[in-house]
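Please open the model in your viewer and keep the selection panel at hand. The tour goes from one selection to the next and says what is there at each stop.

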Amino acid sequence: MASERRFFVGGNWKMNGTKKSVDEIIAFLTKEPLPADIDVVVSPPALYVPYVRDKLPKGIGVAAQNCYKETKGAFTGEISAEMIKDVGAEWVILGHSERRHKFGETDELIGEKVGHALNSGLKVIACIGELLSEREAGKTEEVIFKQMKFIADHVGGNWSSVVIAYEPVWAIGTGKTATPEQAQQVHVQLREWLKKNVSVDVAIQTRILYGGSVNAGNAADLGRQGDVDGFLVGGASLKPDFVTIIKAGHA
Ligand code: PEP
């Protein structure tokens, strides 16, 4: 990890949790102080966001897993960025591959959501990543650059409120992690893209996380790559291993 970018570890709980298991996660996250130089953000299901925000110390950020592109209105089942802010959470994950591929969210909609969330004062973990078929067809760059463009077009001057999560879809929830070299290679390409299409400063300062079956065993090797600035962790963020993964930022 480059020293000028603070290591960032996000935990995406997905649609998991009960009042009891949420309390267990809060207990292992607060058992001992987490490293002060690492940003940690957890993302419970929306119903638990206010509870988790109230229980965790302010040093740990809380993210919703999604939100809509409007402030309020006739959008049954949706939540707004303004509501997330209203209950005290600071972040939202947008463009997660499960939203893209299980719920049909388009690049265009994700871009609009990113713009609205940022303009509402939320910080955004913006996810991108290619399918296995796209990687095998040699289309990784084309796919992720297109996803980046739809996001970047809506960020405006808010880049300091954005982290990018590169999550190859074939690695999410599959136990099949990208090698540190594969992750580093794509992160370098993304940083180059930012340099060419946004600015040198944004390319240097924006955190690019890796996500896809990160666990306590592989986190340190991944985190040592110069352009891997942290992780977005799914399954392993529900377990005490998450604390080991956070500490991998010091490996
Ligand atoms: C995720 O949900 O963003 C993710 C990377 O999941 P997992 O760590 O379980 O692969």
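This is a predicted model: local features need pLDDT of at least 70, side-chain atom pairs count only at pLDDT 80 or more; totals for chains, interfaces and linings use all residues.

Residues are numbered from 1 along each chain as its sequence is written, and side-chain values use heavy atoms, with hydrogens and water left out.

Start with Cys67 and Cys127. The sulfur of Cys67 has its closest cysteine sulfur in Cys127, 12 Å away, which is too far for a bond. With a disulfide defined as a pair of cysteine sulfur atoms within 2.5 Å, the count comes to zero. Cys67 is buried, at a relative accessible area of 0%, and Cys127 is buried too, at 1%; here buried means under 20% relative accessible area, exposed over 50%, and partly exposed in between, with a 1.4 Å probe and protein chains only.

Next, select helix H5 (residues 107-119) together with helix H7 (residues 140-152), whose axes come within 7 Å and cross at roughly 35°. Helices are DSSP runs (H or I, at least four residues), numbered from the N terminus, and the axes are lines fitted to C-alpha atoms over the stretch in contact, with angles from 0 to 180 degrees between N-to-C directions. The crossing is right-handed, meaning that the near helix is turned clockwise from the far one by less than a right angle. Show the side chains of Asp107, Glu108, Ile110, Gly111 and Val114 in H5, which meet Lys146, Gln147, Phe150 and Ile151 in H7; contact means heavy atoms within 4.5 Å.

Stay in H5 and pick Leu118, which counts as buried at 6% relative accessibility. Beyond its neighbours within four places in sequence, Leu118 is in contact with Val124, His154, Val155, Asn158, Ser161 and Val162.

Move on to Ser97 in helix H4 (residues 97-102), where a relative accessibility of 9% makes Ser97 buried. Leaving aside neighbours within four places in sequence, Ser97 is in contact with Lys102, Val169 and Ile172.

Finish with helix H8 (residues 180-197), whose buried residues include Pro180, Ala183, Val186, Leu190 and Trp193.

Conventions: Helices (H or I, at least four residues) and strands (E, at least two) are DSSP runs, numbered from the N terminus. The expected span of a helix is 1.5 Å times one less than its number of residues.
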